[in-house]
Amino acid sequence: MSETLRPKLLVVGSGPGGYVAAIRAGQLGIDTVLVEGDRLGGTCLIRGCIPSKALIHVASRFAEMADTAGLRRIGLSLDRPPALDLAAAMRWKDGVVGRLEAGVAALLERAKVRVLRGWAKFSDAKTCRVTGPDTDASVAAEHVLLATGSLPTELPELPFGGAVLSSTEALALDRLPRRLAIVGAGYIGLELGTAFRKMGCEVAIVEAQDRILPLYDEELTAPVRRWLDRAGVRLYLGAQALRLRDGEVATLEVRTASGETVALPADNVLSTVGRRPRLAGWGFETMAVDLAGPFVAVDDQCRTAMRNLWAIGDLVGEPMLAHKAMAQGEMVAELIAGERRHFAPAAIPAICFTEPEIVSVGLAPREAAGEGVLSAQFPFAANGRALTLEGERAGGFVRVVARRDNRRVLGIQAVGPQISELAGEFAHALEMGAVLEDIAGTIHAHPTLGEAFHEAALRALGHPLHI
Ligand code: FAD
């Protein structure tokens with residue numbers, strides 16, 4: 001029998017935006033219902049951040065072992081090359097996802113959030129029906145928070161299905177394709193391409209722009225490009241994927257930058273050309289809400305044009321990142337509880353879990369140009385910890401960008417081994433309004449990769465110690 005619920009807050013979608021909003025709302029004593037049609041955790045936990053990083057870990061361990069077997073460089077050897085059981089690796093990855101999903105469920109329960117398992121369909125901005133295998137409910141809420149996330153963009157010439165995979169299917173393969181063609185050299189395509197190459201696939205990447213990771217500057221992406229070249233990943237830049245042709249061996253037809261058409265043999269094609277906000281199929285059109293391009297338009301408190309209708313996460317635009325969605329979700333819950341909040345972060349860190357990893361926070365030199373900026377970098381080749389990790393070979397560095405007049409830090413970028421773990425320190429420096437002297441005056445533990453950040457600040461001030 002259908003029940004009717006009248007909570008103060010209805011959250012639609014349990015991705016990092018929605019579930020964090022619901023937990024925080026519950027903690028603040030707000031009567032909250034969370035509706036989720038799929039598994040708890042959304043894109044990030046079920047088919048995005050977590051499974052991709054688990055697969056990258058497996059691939060990196062495998063590649064290290066294979067490298068050890070062949071090279072004996074650091075005094076290690078294996079009697080025979082390592083073997084990869086992709087199905088078993090996927091089961092381990094699913095186990096990690098499952099544990100975290102159960103954790104989200106427990107946190108929601110502890111915060112006294114009512115979870116409805118089913119798809120919400122709205123008849124107006126505040127009223128919906130939720131239906132699922134065990135759910136049939138009507139919900140009329142005072143506040144509605146839209147956190148329906150995003151879906152992979154499909155190219156008309158390469159519709160998903162059969163040999164053409166989105167990242168979701170690529171993260172669930174139980175047999176390694178021998179040849180994988182990837183369309184799109186953004187961070188998702190490159191992270192997965194790197195992982196599949198490390199696991200032994202022949203990888204080719206087709207990108208319409210003339211370089212990889214077009215959102216980052218070339219100085220930062222050069223070490224990644226070098227790794228791809230050394231690993232034998234074939235890059236077709238300034239190129240267009242035309243169609244997949246069936247045959248004894250399927251081939252992806254590509255128009256190259258020089259205008260010729262080449263046929264790439266491919267057991268699978270992974271299409272990672274972007275993501276679009278999930279607006280269709282759940283009654284969004286019944287809501288009088290403005291759009292900003294393809295996204296839901298919101299102000300700096302994540303309010304839509306309609307009173308008490310809020311939207312967060314991938315639905316509201318770039319950067320489409322989990323930590324941005326979480327921060328917005330937490331803020332909206334606090335606003336509904338009566339707190340004074342705005343979404344005005346000094347910086348939102350972005351990471352590519354490539355080989356090596358890239359972190360970018362705040363402005364790059366070319367974005368800050370004109371403000372009277374100085375920038376300095378410190379190479380990992382001169383950092384002791386990087387050498388003990390064999391990490392200097394990648395050619396990475398930490399770079400700081402600061403104002404020349406008051407030495408206020410405007411941006412920090414790094415490329416190097418395991419550098420993702422420094423994203424918090426970088427973002428913290430920007431959020432606290434650090435000047436170069438603050439970083440130079442902070443004792444960084446030795447030997448750590450973080451010392452390269454310290455040294456980059458010293459170098460910007462004109463007195464580096466270790467270079
Ligand atoms: P989502 O996580 O997309 O969640 C939306 C939820 O809403 C879904 O569970 C969906 O089922 C549900 N839903 C939608 N409509 C309805 C409805 N009508 N009724 C009920 N439920 C509904 N970001 C990072 O920060 N770091 C990373 O390393 C990273 N790696 C990624 C790797 C991959 C392969 C992919 C695809 C993405 C990655 N991302 C990463 C991006 C990240 O996953 C998203 O930015 C994040 O999940 C967005 O969160 P969200 O809450 O806005 O929406």
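Modeller: Helices (H or I, at least four residues) and strands (E, at least two) are DSSP runs, numbered from the N terminus. The model is predicted: local features need pLDDT of at least 70, side-chain atom pairs count only at pLDDT 80 or more, and totals for chains, interfaces and linings use all residues. Residues are numbered from 1 along each chain as its sequence is written, and side-chain values use heavy atoms, without hydrogens and water.

Colleague: Where is K112, and what is its phi?

Modeller: K112 sits in the loop between α4 (86-110) and β4 (114-117). Its phi is positive, about 60°, although K112 is not a glycine. Most residues other than glycine have a negative phi, and most peptide bonds are trans.

Colleague: Which peptide bond ending at P319 is called cis, and what is its omega?

Modeller: The bond that joins E318 and P319 is cis, with omega about -10°. P319 belongs to the loop between β21 (309-311) and α8. A cis bond also leads from E355 to P356, where omega is near -5°. P356 is in the loop between β22 and β23 (357-362).

Colleague: How do you know which residues surround the ligand, and how many are there?

Modeller: A residue is near a molecule or strand if one of its heavy atoms lies within 4 Å of it. By that rule 40 residues surround the ligand, and the closest are E36, T43, K53, D314 and A322.

Colleague: How much of the ligand's accessible area does the protein cover?

Modeller: The protein covers 97% of the 1000 Å² that the ligand has on its own. Accessible areas come from the Shrake-Rupley method with a 1.4 Å probe; for residues, only the protein chains shown count as cover.

Colleague: Which element gives the most to the shell around the ligand?

Modeller: That is α2, with four residues. The shell divides into 16 nonpolar, 17 polar and seven charged residues. Here Ala, Val, Leu, Ile, Met, Phe, Trp, Tyr, Cys and Pro count as nonpolar, Asp, Glu, Lys and Arg as charged, and the others, Gly among them, as polar.

Colleague: Why are β22 and β24 said to stand at the edges?

Modeller: Two strands pair if DSSP finds at least two bridges between them. The open sheet of five strands has the order β22-β23-β26-β25-β24, with antiparallel pairing. β22 (350-352) and β24 (373-379) each have a single partner strand, so one side of each lacks a neighbour in the sheet. β24 and β25 (residues 397-403) share seven bridges in the antiparallel sense, and L374 stands opposite A402 in β25.

Colleague: What makes β1 and β7 a pair?

Modeller: Three bridges join β1 to β7 (residues 135-140), and the two run parallel; the rule asks for at least two bridges. E3 stands opposite A137 in β7. Both strands belong to an open sheet of four strands in the order β1-β7-β6-β5, with mixed pairing. Its edge strands are β1 (3-5) and β5, each pairing on one side only.
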